[in-house]
Amino acid sequence: LVLISVNNFVRPFVKSFKFQIDMPDRFEQGTSISPANISFSIPFKIEKPYIQVTLSNAQEGDDIQLIDKTNAGFVINVLNNGTSVVREFDWYATGY
């Protein structure tokens with residue numbers, strides 16, 4: 001914000017000022033097999049992006065664990081009745 005007066009006897013001032021920033025949304029997605037450590041190609045600007053996981057070959061009793069979710073990636077594990085199991089999954093991350 002720059003205020004200029006062409007008259008030396010007039011001094012401009014700001015009584016109120018408001019601005020808004022809109023960051024464009026960014027998306028990443030992929031497919032992997034659990035357990036896995038997923039790293040984003042470029043870290044998100046927010047601390048923890050929204051992550052959605054869909055199991056391709058889910059079994060009754062499967063429980064998805066997202067561990068260490070950060071702006072750089074996440075760790076995923078799938079448990080079935082408390083035991084770590086191998087499952088294929090698709091993931092989708094969104095943020096800015």
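**View 1. The β5-β6 hairpin in the predicted model.** Strand β6 covers residues 83-85 and joins β5 through three bridges. The two strands run antiparallel. Leu79 has Ser84 as its bridge partner in β6. Two residues lie between the strands of this hairpin. Asn81 sits in the turn and has a positive phi of about 55 degrees.

**View 2. The pairing of β5 with β4 and β2.** β5 spans residues 73-80. Seven of its eight residues are buried, so the strand is mostly covered. Six bridges connect β4 and β5 in the antiparallel sense. Their hairpin has five residues between the strands, and Asp68 takes a positive phi near 55 degrees there. β2 also pairs with β5, through four bridges and again antiparallel. Asn37 stands opposite Val75 of β5.

**View 3. The surroundings of Asp62.** Asp62 belongs to strand β4, residues 62-67. Its bridge partner in β5 is Asn80. The side chains of Asp62 and Asn80 also meet in a polar contact of 2.7 Å. A polar contact of 2.7 Å links the side chain of Asp62 to that of Arg87 as well. Beyond four places in sequence, Asp62 touches Leu55, Asn57, Val78, Leu79, Asn80, Val85 and Arg87.

**View 4. The open sheet β1-β7-β3.** Three strands make up this sheet, with antiparallel pairing. β1 (26-33) and β3 (50-55) stand at the edges. Each has a single partner strand, so one side of each lacks a neighbour in the sheet. Neighbouring strands are turned by 15 degrees against each other on average, direction ignored. Six bridges hold β3 against β7, residues 88-95, and the two run antiparallel. Leu55 stands opposite Phe89 in β7.

**View 5. Phe89 and the largest nonpolar core.** The core has 15 residues. Phe40, Phe74, Phe89 and Trp91 touch the most other members. β2 (36-39), β3, β5 and β7 each supply at least two residues of the core. Contacts of Phe89 beyond four places in sequence include Gly30, Thr31, Ser32 and Ile33. Ala36, Ile38, Val53 and Ile76 are also among them.

**View 6. The ring pair Phe17 and Phe19.** The whole structure holds six aromatic pairs. In one of them, the ring centres of Phe17 and Phe19 lie 6.1 Å apart. Their planes stand at 45 degrees, so the pair is tilted. Phe17 is exposed, with a relative accessible area of 52%. Phe19 is exposed too, at 61%.

**View 7. The ring pair Phe40 and Trp91.** The centres of these rings are 5.8 Å apart. The planes form an angle of 50 degrees, so this pair is tilted. Phe40 lies in the loop between β2 and β3, and Trp91 in strand β7. The pair thus joins distant parts of the chain, 51 residues apart. Phe40 counts as buried because its relative accessibility of 6% falls under the 20% cut-off. Trp91, at 8%, is buried because its value is under that 20% limit. Ring pairs link Phe40, Phe44, Phe74 and Trp91 into a cluster.

Key
Residues are numbered from 1 along each chain as its sequence is written. This is a predicted model: local features need pLDDT of at least 70, side-chain atom pairs count only at pLDDT 80 or more; totals for chains, interfaces and linings use all residues. Side-chain values use heavy atoms; hydrogens and water are left out. Two strands pair if DSSP finds at least two bridges between them. Axes are lines fitted to C-alpha atoms, for helices over the stretch in contact, and angles run from 0 to 180 degrees between N-to-C directions. A nonpolar core is a set of buried Ala, Val, Leu, Ile, Met, Phe, Trp, Tyr and Cys residues joined through side-chain atoms within 4.5 Å. Buried means under 20% relative accessible area, exposed over 50%, partly exposed in between (1.4 Å probe, protein chains only). Contact means heavy atoms within 4.5 Å. A polar contact is a pair of N or O atoms within 3.5 Å; within protein, one must be able to donate a hydrogen and the other to accept it, and residues adjacent in sequence count only if both atoms are side-chain atoms. Rings of Phe, Tyr and Trp (its six-membered ring) pair if their centres lie within 6.5 Å; planes under 30 degrees apart count as stacked, over 60 as edge-to-face and the rest as tilted.
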